[in-house]
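Q: I am new to this structure. Please show me how to read it, one feature at a time.

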Amino acid sequence: MTDTSIPAAPKGATGILVLADGSIVWGRGFGATGSAVGEVCFNTAMTGYQEVMTDPSYAGQIITFTFPHIGNVGTNDEDVEADTAHALGCIVREDVTEPSSFRNSQPFDEWMADQGRIGISGVDTRALTRRIREAGAPNAVIAHDPDGQFDIDELLAKARDWAGLEGMDLASEVTGHQTRIWDSGVWHLGHGYAAMEQMESQSGNRDLTGERPHVVAIDYGAKRNIFRNLVKAGAKVTVVPAQTSFEEIMALEPAGVFLSNGPGDPAATGKYAVPVIKALLDRDVPIFGICLGHQMLALAAGAKTIKMFQGHRGANHPVQRHEDGPDDGKVEITSMNHGFAVDGETLPDTVIETHKSLFDGSNCGIEIVGKRAFGVQYHPEASPGPQDSFYLFEKFVRGLA
């Protein structure tokens, strides 16, 4: 070490967060060892840390959990939104304790190690969250070494050399690579995720063989619960990779197309996705977009997207509806995860703003005039989070021919 201004590691420190501005946060490492570079954000949800860690939208990010007790209910094989964790790591206040849930199958710290993800506990997460709110989401390196040996100069250089999320297409990295039929519904205690056949026998109102409208869901990094909610709303769902062409989508004869959430910069992913979406709009195919899908729908309609200062991430974000009808002005409590947003000032006359954040007034929903196409910035599938917005799945499926 040549920089004598860097303080020595406190006793027992086995984890470190090195920000690109030279700031250092010490803690106790858990999970995997090694280091990872990404953007530091914060999430205000009080539940669902396993769903958060496995959400593909968190690719390239290190999560600061504002709720202090992360890991206390352990982990299981059901509360996941993808096959693997996509967040690079997490920062928490309290040490991970022994699991206290009857659903636990593996302690959180062991699960993190198996997933190759780094955690740091013992951090003043309030102070770190305040820093992000005041100075924006920083690039940083998170590292864990059981012996507490860190080359801080090297870690700092790594943080400063990382290009950041702006201009980065991550959807192509996290998307599924095969077209597949999605046939399971939402989770119920004691029953797990019901197969579609079981749902049909229980409800008796739709037939798996043909009465369900066919939705082609483009996977830009989708959470599994989105597909489950489309099934719950009455759709038959075929999932396709992010770079599937317009011709390949139309060959599947969709009644409607769903645009999923995902990580990275929508303008970067939009280089291959937006032309497909424009072609779908020209063909008047019904479209429903969530998060990244919402942003790219807006790009296809002529709007622009922007990088947010700190982003919105959590399960308690109030959103107000702005639409004609009896529900105008109604407030939904929503789950969010995005660091980019549609610039409401750039919406053309052909686009109606239907939802706004009550936190900062940013755009949270659009409809395209003369088209059967709409999108929302938040996550109405509620995994984790409130279920105020399930009506959007029903609205989409109900409007399909």
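Q: Where is Ser57 found?
A: Helices (H or I, at least four residues) and strands (E, at least two) are DSSP runs, numbered from the N terminus. Ser57 lies in the loop between helix H1 (49-54) and strand S4 (61-65). This is a predicted model: local features need pLDDT of at least 70, side-chain atom pairs count only at pLDDT 80 or more, and totals for chains, interfaces and linings use all residues. Residues are numbered from 1 along each chain as its sequence is written, and side-chain values use heavy atoms, with hydrogens and water left out.

Q: Is Ser57 buried or exposed?
A: Buried means under 20% relative accessible area, exposed over 50%, partly exposed in between (1.4 Å probe, protein chains only). Ser57 has a relative accessible area of 6%, so Ser57 is buried.

Q: Which residues does Ser57 touch?
A: Contact means heavy atoms within 4.5 Å. Not counting residues up to four places away in sequence, Ser57 touches Gly221, Asn261, Gly262, Pro263, Asn337 and His379.

Q: With which side chain does the side chain of Ser57 make a polar contact?
A: A polar contact is a pair of N or O atoms within 3.5 Å; within protein, one must be able to donate a hydrogen and the other to accept it, and residues adjacent in sequence count only if both atoms are side-chain atoms. Here the partner is the side chain of Asn261, at 2.8 Å.

Q: How many disulfides are there?
A: A disulfide is a covalent bond between the sulfur atoms of two cysteines. The test is a pair of cysteine sulfur atoms within 2.5 Å. By this rule there are zero disulfides.

Q: In what order do the ten strands of the open sheet run?
A: Strands of a sheet pair through backbone hydrogen bonds, either parallel or antiparallel. Two strands pair if DSSP finds at least two bridges between them. The order is S8-S12-S11-S13-S14-S19-S18-S17-S15-S16, with mixed pairing. Strand S8 (180-182) and strand S16 (331-342) are the edges, each pairing on one side only.

Q: In what sense do S17 and S18 pair?
A: Strand S17 (residues 351-357) and strand S18 (residues 363-368) pair in the antiparallel sense, over five bridges. Glu353 has Ile366 in S18 as its bridge partner.
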